[in-house]
Each structure stands twice: as C-alpha cells, then as structure tokens.
Amino acid sequence: MDQLESWGRYPRVPARLFRPERMRDFHAGEGPSLARGLGRSYGDAALLTDGDVVLSERLDRCLEFNPETGVLRAEAGLSLDALIRAFVPQGWFVPVTPGTAFCTLGGCVAANVHGKNHHRDGSFRQGVTSLEMLTADGSVRDLTPADGDDFEFAFGGMGLTGMIREVELQLRPITTSMMMVRHSVAGNLPELMAQMDDEARDDQYSVAWVDLLARGERAGRGVLMTGHHAEINELPMRYAAHQETLLTDRPGRARPFPFEAPTWLLSPGNLRLFNSMYHKWQGRKGTFFTPLRTFFHPLDAIRNWNRMYGKPGFVQYQFVVPFESGREAVTEAISRLNAAQASSFLAVLKRMGASDGGPLSFPMPGYTLALDIPLREGVIDLLNNLDALVADHGGRVYLAKDSALRPDTFRRMYPEWERFVIHKRQ
Ligand SMILES: Cc1cc2nc3c(=O)[nH]c(=O)nc-3n(C[C@H](O)[C@H](O)[C@H](O)COP(=O)(O)OP(=O)(O)OC[C@H]3O[C@@H](n4cnc5c(N)ncnc54)[C@H](O)[C@@H]3O)c2cc1C
C-alpha cells in the first residue's frame with residue numbers, strides 16, 4: 001500500500017494506487033474506486049482508503065482541436081499547465097482557471113472549479129461542451145448538456161458520478177499573453193468590500209488579498225486585484241514593439257521550497273510582519289502589465305510550497321455566503337479567525353456569480369473567503385465552529401478543499417444532496 005495525501009498533506013491515508021498508461025485501463029477495480037488527477041484538491045476529496053485510486057495523469061493526450069472555433073477535445077488527465085503551454089502561443093486560453101495550473105481537466109470538472117472571473121463567466125461548467133464518462137455499470141457515455149442531470153451532476157460531483165475520460169472545452173481567444181492589472185489598497189474590511197462591489201472598479205477578473213491578522217480599525221484590510229487580458233493596443237511600446245513574442249508562455253523553472261518549515265516560521269508575529277509589508281508592496285503597484293502565469297498562478301513558481309507548513313500539513317478553508325448577509329458572515333468569520341490567530345498570509349476574498357453544475361457544486365452568488373490554516377491542536381474545532389456560522393447564513397464550504405465537515409452540516413449546506421444520491425444509485 002502507498003501513503004496518499006493531497007495538497008494540504010492532511011489527512012494522509014494508506015491507499016492502493018493504479019496509474020494506467022492507456023485509456024482502456026482507466027476503470028474501476030473489483031470494489032470501490034475513485035479517479036484522481038494531480039491531487040491538487042487540498043483535503044480528502046481525492047483519497048480513498050478502502051478501494052482503488054486510479055490516477056489519470058498519464059492519460060493526457062489532446063485528441064482534437066479546431067483552430068477556427070477554439071474547441072479542444074482532450075483526455076481528462078491533461079493538465080491546465082500543458083494546455084496553456086500548447087495553446088497560448090496559438091492565441092487560446094482556458095475559459096476558467098483555478099489558482100494553480102497543476103490540475104487536470106477531469107479534476108476541474110469534478111470540482112467544477114471557479115476562477116477570478118466567476119462573478120462574470122461562471123465556473124468550469126460554462127466552458128465544457130461535452131464529456132466522455134465511464135459509469136459504475138461499466139458503460140461509456142458521451143454526455144452533452146442535452147443529457148440534463150447525467151451531464152450536470154458531474155460538475156461538482158467530486159468523481160462520484162463516474163470516471164471522466166475525455167473533456168471537450170471551448171477555449172477563450174486572446175491576442176496577447178499579458179494581463180492588464182490594477183491594484184487598489186483598502187484600509188479595512190468594509191472599505192475592501194465596498195471596492196469589490198463597486199462596478200466602476202470591476203473587471204473581467206477580480207480577487208482581493210485580505211490581511212486576516214490585522215486588528216482594530218485595520219481588521220480585514222487588503223488589496224483588490226482586478227484585471228483583463230491585455231489587447232495589443234493597450235500594451236506599452238516596449239511590449240508592442242515585439243509583436244512576434246506577444247503570445248508566449250514562459251512559465252520559468254519552478255523553484256523547490258527547500259525544506260519542511262519549522263512551525264515558528266509561521267508564528268503570528270512573523271506573519272503579521274509579512275502581511276504588513278505585503279499590503280504596502282502590493283498596494284503601491286497601481287496599474288501594470290504582467291504575464292498571465294504571474295497573474296493566475298503565482299504559487300506555481302514554487303514547487304512543493306505546501307512544505308512551508310511543515311510535516312503536520314494545513315487545511316485550506318473556503319466558504320461562500322449569500323450576498324444578503326454576506327458582509328456580516330465574513331466579518332464574523334474574520335473576527336473568529338483573528339481571535340484564534342489561526343490563519344496564514346494566504347487569504348483571498350471574492351464575489352461569486354450564478355450557480356451552475358450539479359447539487360454538490362460549490363459556487364453560489366455571494367462572497368467567498370479562502371484561507372490556509374496550518375494544522376495544530378484546536379484547528380478542526382475551529383473549522384466546525386466556522387462551518388456552523390456559514391450554514392446559519394445559508395452558505396457552504398468547498399468540498400474540494402474540505403477535510404473536516406460533519407455529515408449533518410454537509411446536509412445543511414448542500415440541501416439537494418439527496419437528489420445527488422438518488423441519481424448516483426440509478
Ligand atoms: C494552489 C492552489 C490553488 C487553487 N485555486 C483554486 C481556485 O481558485 N478555484 C478552485 O475552484 N479550486 C482551486 N484549487 C483546487 C483545485 O483546483 C481543485 O481541487 C481541482 O479539482 C484539482 O484538480 P486535480 O486534477 O488535482 O484533481 P484531484 O485533486 O486529483 O481530484 C479532485 C476531485 O476530482 C475527482 N477527479 C479527478 N479526476 C477525475 C476524473 N478523471 N474523473 C472523475 N473524477 C475525477 C477526484 O475524485 C476528486 O474528487 C486550488 C488548488 C491549489 C493547490
């Protein structure tokens with residue numbers, strides 16, 4: 001048996017792994033099975049202790065691409081990283097990307113991932129035109145939106161509706177690989193949320209970094225980061241003069257995080273100092289141009305950055321609460337996190353748009369807060385306490401990141417869970 005963990009390194013479980021080289025071997029074993037992509041979900045979503053975990057990572061071929069329409073059909077193990085390398089130079093980008101490119105198409109469908117453009121463009125579901133899926137009865141089905149629930153329930157279904165073999169995706173045309181970005185600084189949470197809600201400041205992509213360790217009048221201060229794909233005529237002369245290099249993808253060599261960090265490195269004092277400097281540094285940037293990898297996937301520049309939290313690992317906690325009482329809920333959550341001195345510097349807040357996908361899909365209109373919490377005593381109790389707050393406000397936590405949700409709270413957060421179970425049994 002192998003020891004298996006996902007990105008948060010918690011929990012760590014014994015597992016039987018299969019790594020098929022050909023699509024015909026990508027199927028369930030005798031007993032329970034779960035498909036797994038690159039393990040970039042943080043918690044236990046891609047773990048299974050009493051069955052087979054079937055890895056899709058070697059099933060990563062592009063099968064068909066129409067350069068006129070930008071429709072790509074690929075095996076589900078294709079990573080966004082490989083897709084971006086291949087298609088950005090041809091003027092195409094993914095319609096939705098999470099904060100890492102090291103995830104597979106199958107994983108993006110199963111979690112129905114969202115990106116910085118969710119408030120405008122919705123989730124991964126919006127870009128997918130067709131799926132090939134192997135279901136529990138052994139049949140392979142080509143599914144399109146016309147198949148209703150059979151198609152929709154895969155989005156957010158966390159791999160429980162079947163093994164996704166192929167994904168057909170409508171790519172987004174781009175004319176340069178640069179982003180035009182604007183940073184605006186906010187002195188506290190009400191100011192930050194007011195900036196996020198201000199349509200005049202909005203752009204195609206929008207997210208805010210929030211300082212969860214600042215206290216008093218500065219509690220919840222942050223930096224709103226908005227942007228869009230730069231058009232050639234928006235670029236300064238120094239870029240525009242080199243038109244042949246405009247559509248390039250230069251991810252650079254990811255540097256490894258050099259060691260398992262000791263816990264004192266992330267002490268509240270050190271983090272407060274870091275946050276203070278980050279707030280000043282990012283806030284000063286104003287409007288600028290940056291390569292799309294830097295804008296969308298800054299953490300990918302450090303390989304194994306999850307080692308920063310040391311051997312015990314960490315949890316990434318993400319919830320969404322409806323707009324109606326969203327400000328109140330986010331303010332209360334930040335105050336509880338602040339009192340517990342639990343969070344790290346990686347914390348982001350954003351507005352989400354309409355829901356889509358199946359009953360277990362995470363996004364809903366409202367505010368979403370995502371943050372890393374290093375694992376130590378009391379953290380799971382803190383999460384359960386926050387879960388109750390989120391559920392009381394009609395919100396939910398993101399299953400792709402969770403490892404602590406209790407069954408009764410899950411049912412409150414995802415009230416249509418029974419529809420999902422009935423569908424799965426059929
Ligand atoms: C740095 C970082 C930033 C992130 N930012 C975001 C973000 O902004 N927005 C967001 O939504 N998420 C974000 N995530 C989470 C991540 O995008 C999702 O968890 C995604 O599902 C990971 O894809 P994966 O291929 O690694 O899937 P895995 O982690 O391997 O699996 C995730 C789920 O998908 C299922 N699955 C995987 N492949 C298949 C398949 N072929 N068929 C059926 N089921 C399958 C698994 O069973 C599991 O339930 C982030 C993660 C990291 C590490």
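**Cysteines, the open sheet and the ligand**

Tutor: A search of the whole structure finds 0 disulfides, a disulfide being a pair of cysteine sulfur atoms within 2.5 Å. Cys62 is in no disulfide, and the nearest cysteine sulfur, that of Cys108, is 14 Å away. This is a predicted model, in which local features need pLDDT of at least 70 and side-chain atom pairs count only at pLDDT 80 or more, while totals for chains, interfaces and linings use all residues. Residues are numbered from 1 along each chain as its sequence is written, and side-chain values use heavy atoms, with hydrogens and water left out.

The cysteines also show how cover is described. A residue is called buried under 20% relative accessible area, exposed over 50%, and partly exposed in between (1.4 Å probe, protein chains only). Cys62 has a relative accessibility of 41%, so it counts as partly exposed. Cys108 is buried, at 0% relative accessible area. The cysteine sulfur closest to that of Cys108 belongs to Cys103, and because the distance is 3.7 Å, it is too far for a bond.

Now to the part to look at closely, the open sheet. Its 8 strands are paired in the antiparallel sense and come in the order β16-β12-β14-β13-β19-β20-β18-β21. The edges are β16 (287-291) and β21 (396-397); each has a single partner strand, so one side of each is left without a neighbour in the sheet. Strands here are DSSP runs of E with at least two residues, helices are runs of H or I with at least four, and both are numbered from the N terminus. Two strands pair if DSSP finds at least two bridges between them.

Strand β12 (residues 178-186) is joined to β14 by 8 antiparallel bridges. Met180 has His228 of β14 as its bridge partner. Strand β14 (residues 222-229) is mostly covered, with 8 of its 8 residues buried. On its other pairing, β14 runs antiparallel to β13, and 6 bridges join them. Here Val210 stands opposite Gly222 of β14.

From β13 (residues 205-210), 2 bridges lead on to β19, again antiparallel. Strand β19 (residues 347-352) is in turn joined to β20 by 6 antiparallel bridges. Leu349 faces Leu369 of β20 as its opposite residue.

Strand β20 (residues 366-374) also has all its residues under cover: 9 of the 9 are buried, so the strand is largely enclosed by the rest of the structure. Its pairing with strand β18 (residues 314-321) is antiparallel and runs over 8 bridges.

A polar backbone atom of Ala35 is 2.6 Å from a ligand oxygen, and one of Gly37 is 2.7 Å from a ligand oxygen. For Arg40, a backbone N or O atom lies 2.7 Å from an oxygen atom of the ligand. Taken alone the ligand exposes 960 Å², and the protein buries 96% of that. These areas come from the Shrake-Rupley method with a 1.4 Å probe; for residues, only the protein chains shown count as cover.

Two further residues complete the account. Ser130 is in strand β8 (residues 128-134) and counts as buried at 5% relative accessibility. Phe102 is in the loop between β7 (92-93) and α2, and at 25% relative accessibility it is partly exposed. Phe102 and Ala76 are 26 residues apart in sequence and 13 Å apart in space, C-alpha to C-alpha.

Note on methods: A polar contact is a pair of N or O atoms within 3.5 Å; within protein, one must be able to donate a hydrogen and the other to accept it, and residues adjacent in sequence count only if both atoms are side-chain atoms.
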